[in-house]
Amino acid sequence: MSTEHTPRTAVVTGAGSRRGIGRATAHALAAAGYHIAVLDLDKEAAEDTARDVAARHGVQALGLAADVTDAEAVDAAITAAEAALPPIGALVNNAGITSPTRFLDVTHEEWDRILEVNVRGSFLVTHRVAPGMAERGFGRVVFLSSVSAERGGGVFGGVAYSAAKAALLGFARALARELGPSGVTANSVAPGLIDTDITQGKLDEQRKAAMVADVPVRRIGGVEDVADVIAFLARPESGYLTGVTYDVNGGSHIH
């Protein structure tokens, strides 16, 4: 995509972490020609990502503080992005939290918190940007799900996390049917074990070696592995791909 002909902005939520999928995705989308709006709970982290993206790729980038579970905060952030940047053409619902708590031990409060951030957060941001996409006849929405949603639990995800990430798969598929006639696609990416801050320091070498041995490509995934797939789905040329889930797990879960 060339911003020279069709300038568009990509909104990436939860992209403040230096070692996260969101930040890598912001870079991948900027490299593809998108201008970038970074939404994160941490304003300084969001601004840091935006500065890094702008300096490296020569695009416009804006870092904004936003709690994705707060409708007013989401509206304020998107309104600011719309005022400062080209029209929004892509949204990556990356913001999320995990929980390894076993079902029999999970509290009502923790269950609600996991669903609130992962599902309500994705709903609020998507609900805010989708009308503009549909009106302009172009949009690419990508949801960050997880291998935990597909296989039922994972390395760090318990029942609450798996349920939340599975909800996003249904969200994307139904949205794809509804918004497809308006030129808006909706897809999901389901990462497996990826080297981020979530996994950093939580695996001893023996367990890590055992897990890698079970991955056909014999390595843990990197954030760029996920970001590149998201950037592919966000291309204008990917308009015939919708309602699809792309697994990025090195073959650890083949179905």
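In the predicted model, helix H1 passes helix H8 in a right-handed crossing. The two helices pack at an angle of about 45°, and their axes lie 8 Å apart. Because angles under 35 degrees count as roughly parallel and those from 65 to 115 as roughly perpendicular, this value makes H1 oblique to H8. On the side of H1, the residues that meet H8 are Ile-21, Ala-24, Thr-25, Ala-28 and Leu-29. Their partners in H8 are Val-223, Glu-224, Val-226, Ala-227, Asp-228, Ile-230 and Ala-231.

The crossing of H1 past H2 is right-handed. H1 contributes Arg-23, Ala-26, His-27, Ala-30 and Ala-31 to the contact. H2 contributes Asp-48, Thr-49, Asp-52, Val-53, Arg-56 and His-57. The residues of the contact between H1 and H2 comprise 4 nonpolar, 3 polar and 4 charged.

Helix H2 also contains Glu-47. Glu-47 and Ala-15 stand 32 residues apart along the chain, and their C-alpha atoms are separated by 9.8 Å.

A further helix pair is formed by H3 (residues 71-84) and H4 (residues 108-136). Their axes come within 10 Å and cross at roughly 40°, which means that H3 is oblique to H4. H3 passes H4 in a right-handed crossing. From H3, the residues Ala-71, Val-74, Asp-75, Ile-78, Thr-79 and Glu-82 take part in the contact. In H4, they meet Arg-120, Leu-124, Val-125, Arg-128 and Val-129. The contact of H3 with H4 is made up of 6 nonpolar, 1 polar and 4 charged residues.

Asp-75, which lies in helix H3, is one of the residues that meet H4. At 37% relative accessibility, Asp-75 counts as partly exposed. Asp-75 and Val-147 are 72 residues apart in sequence, and their C-alpha atoms are 30 Å apart in space.

Another aspartate, Asp-40, belongs to strand E2, which covers residues 35-40. The relative accessible area of Asp-40 is 13%, so this residue is classed as buried, the limit for that class being under 20%. When neighbours within four places in sequence are left aside, Asp-40 is in contact with Gly-14, Ala-15, Gly-16, Ser-17, Ala-46, Leu-64, Ala-65 and Ala-66. Among these residues is Ala-15, whose C-alpha atom is 9.8 Å from that of Glu-47. Asp-40 and Asp-67 are 27 residues apart in sequence, with a C-alpha to C-alpha distance of 7.0 Å.

The backbone at Arg-218 was also examined. Most residues other than glycine have a negative phi. Arg-218 is not a glycine, yet its phi is positive, at about 60°. Arg-218 is placed in the loop between helix H7 (205-213) and H8. Its relative accessibility is 52%, and Arg-218 therefore counts as exposed, a class that begins over 50%.

Considered as a whole, the protein chain holds 8 helices and 7 strands. Along the principal axes, its C-alpha atoms fill a box of roughly 50 × 35 × 35 Å. For a chain of 255 residues, a compact globule would have a radius of gyration near 18 Å. The radius of gyration of the protein chain is 17 Å, which agrees with that expectation. Of the 255 residues, 49% are buried. Among contacts between residues at least 6 apart in sequence, 76% join residues at least 24 apart.

Key
Residues are numbered from 1 along each chain as its sequence is written. This is a predicted model: local features need pLDDT of at least 70, side-chain atom pairs count only at pLDDT 80 or more; totals for chains, interfaces and linings use all residues. Side-chain values use heavy atoms; hydrogens and water are left out. A crossing is left-handed if the near helix is turned anticlockwise from the far one by less than a right angle, and right-handed if clockwise. Helices (H or I, at least four residues) and strands (E, at least two) are DSSP runs, numbered from the N terminus. Contact means heavy atoms within 4.5 Å. Ala, Val, Leu, Ile, Met, Phe, Trp, Tyr, Cys and Pro count as nonpolar, Asp, Glu, Lys and Arg as charged, and the others, Gly among them, as polar. The radius of gyration is taken over C-alpha atoms; the globule rule is 2.2 Å times the number of residues to the power 0.38. Buried means under 20% relative accessible area, exposed over 50%, partly exposed in between (1.4 Å probe, protein chains only). Axes are lines fitted to C-alpha atoms, for helices over the stretch in contact, and angles run from 0 to 180 degrees between N-to-C directions. Angles under 35 degrees count as roughly parallel, over 145 as roughly antiparallel, 65 to 115 as roughly perpendicular and the rest as oblique.
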